[in-house]
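Here is a short note for your first look at this model. Keep the structure open while you go through the points.

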Amino acid sequence: MRADRRKRGERRRQVYAIPFPDRRLTRSAYEQVFLKIVSGSHLRMDGDTYTPIAMKGWYHALFRRDSDGAETLLSIDVLLGKMRDWV
């Protein structure tokens with residue numbers, strides 16, 4: 001009887017409500033920083049524009065200065081203080 005129920009596949013076709021829909025949740029400050037990095041948004045610092053190119057572990061992001069290609073490693077905590085500087 002149990003095998004018959006599995007073969008019917010009804011339980012696979014049922015639509016369940018998502019308990020925590022994404023659109024209703026607010027993002028933490030750290031999540032917002034990660035989303036900026038992953039999306040490739042540019043960061044303006046000291047009159048220069050930087051583009052994120054890689055993550056180094058969970059805590060640092062590597063940026064390339066657009067003017068000359070120099071690379072800068074910034075911690076996530078530093079980026080938290082620069083949330084208004086993203087272009």
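Which residue in the hairpin of β3 and β4 takes a positive phi? Point 4 has the reply.

1. **Ground rules.** This is a predicted model, in which local features need pLDDT of at least 70 and side-chain atom pairs count only at pLDDT 80 or more, while totals for chains, interfaces and linings use all residues. Residues are numbered from 1 along each chain as its sequence is written, and side-chain values use heavy atoms, with hydrogens and water left out.

2. **Layout.** The protein chain has 4 helices and 4 strands. Both are DSSP runs numbered from the N terminus: helices are H or I with at least four residues, strands are E with at least two. From the N terminus on, the order is α-α-α-β-β-β-β-α.

3. Strand β2 (residues 48-56) and strand β3 (residues 60-65) run antiparallel, joined by 6 bridges. Strands pair if DSSP finds at least two bridges between them. A54 has L62 in β3 as its bridge partner. There are 3 residues between these strands, and G57 takes a positive phi near 75° in this hairpin.

4. **Next hairpin.** β3 is also joined to strand β4 (residues 71-75), by 5 bridges, and the two run antiparallel. R64 has E71 in β4 as its bridge partner. Now the reply: G69 takes a positive phi, near 85°, in this hairpin with 5 residues between the strands.

5. **A residue in β4.** S75 lies in strand β4. Is S75 buried or exposed? S75 counts as buried because its relative accessibility is 14%. The cut-offs are under 20% relative accessible area for buried, over 50% for exposed and partly exposed in between (1.4 Å probe, protein chains only). Leaving aside neighbours within four places in sequence, S75 is in contact (heavy atoms within 4.5 Å) with Y59 and H60.

6. **The core.** Of the 87 residues of the protein chain, 22% count as buried. A nonpolar core is a set of buried Ala, Val, Leu, Ile, Met, Phe, Trp, Tyr and Cys residues joined through side-chain atoms within 4.5 Å. The largest one has 11 residues, including V33, L43, F63, L74 and W86. The elements that give two or more residues to this core are α3 (29-39), β1 (43-45), β3 and α4 (76-80).
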